[in-house]
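Me: Could you walk me through some of the helix and strand details of this one? Here it is.

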Amino acid sequence: MTSGSASSHSSTNSTPGLPVSAGATSRPYGRGGVNGEGPVAGALSPMLLPVLPAALDRRSEDRADPAFLASIVREQGTVALLLAQHRAAVVGESLVFLRAAEIPPEWLEGLVVYLGRVPDDARLGEDGGTALQGGADVVLVVLPEPVEPIAGVMSEPATAGAGMLPQGTQWSGFREIGAAMHPVEAGLLLEATAISNWHETHPRCPRCGAPTDVVTSGWVRVCTEDGSEHFPRTDPAIIVSVVGPDGRILLGRGARMRSTMFSTLAGFVEPGESLEQAVAREIAEEVGVRVSACQYLGSQPWPFPASLMLGFTARTEDTVARPDGEEVVKARWFEREDLQAAVAAGEVTLPTRASISRALIEHWYGGPIEDRSPEQARA
């Protein structure tokens, strides 16, 4: 499958303004570096996508206490993140956080999950990018449907709790706002989306079909018949920037993508298969290209519904691609200048910067690729 998945903070280590991994040099990654020296963009090298710290301390030992979740919800410092029908309550590009102890009891009758504690030394910034504070505990509250904010007095009874939501509250998913979110909030939304998706799709025991109860503060389900425990699952998938012998990148358009969208190639890892074997198999199946070498660069959770995207760059000696016509309907090789020009002209649309696919493409490119501006689109 082609993919537009992944992270608002994934990027090349040497891209200006972005972090450099420990041990990596600060030389530009691309076009031979300064004066022709240094690594070449798209070449296999020790430079990887940056390793990001965990957004939260998930307090695994504490959350196993049966009384922990109920007690933490009542704490004055605990805040609640709201999800409804796979969308989060947001204002602009920031999550809405409510005081958990003040939300209506009926909101707690559905799924409530402990997400974790914001570390005291978390890099939250002072730019107003997030309302979170160090030391705050965060819980997920899943509602059956979105609740709209209500201001003032109404002639009819308001939905319980609606007045707690700030004006301007909307309901959006990670795909829509992830690229612009504060990194800590983006990580929170991915975690919340992943665990809520798992609960939604695993209400019964896979062994006997009996209902399951939610325990361990939302992180385990226990069968009511045989007592078996069931844990959240994640499906590994590889996502790959394929680079040819002449340095061009191979991008594909999936059958369900719009006509201008091109992305890196991706697919699920099959049982008994290594990640490298999955890279070689998927690329051969989707575009008929043989991989001669590959290197792992980084990963991103992509809970739509339950994937972990494992990013690779790969080399091939082939110069002709043959799309399979099912997963990939079009494949195209790009030189760097051609790709930037095609994007600027509106001929090609790339995945958003919320995706590891975009990070892999820009890793090959050697820096940010400028998207077409609204002014260019109107011209």
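Reply: Happy to! Helices (H or I, at least four residues) and strands (E, at least two) are DSSP runs, numbered from the N terminus. This is a predicted model, where local features need pLDDT of at least 70, side-chain atom pairs count only at pLDDT 80 or more, and totals for chains, interfaces and linings use all residues. Residues are numbered from 1 along each chain as its sequence is written, and side-chain values use heavy atoms, with hydrogens and water left out.

Me: Which residue just after α6 takes a positive phi?

Reply: Helix α6 covers residues 336-345. Just after α6, a phi of about 85° is taken by Gly 346.

Me: What stands opposite Ala 89 in β8?

Reply: Strands pair if DSSP finds at least two bridges between them. Opposite Ala 89 stands Trp 171.

Me: Which residue in the turn between β3 and β4 has a positive phi?

Reply: β3 and β4 (residues 94-95) pair in the antiparallel sense over two bridges, with Val 91 opposite Ser 94. Their hairpin has two residues between the strands, and the one with a phi of about 65° is Gly 92.

Notes. Buried means under 20% relative accessible area, exposed over 50%, partly exposed in between (1.4 Å probe, protein chains only).
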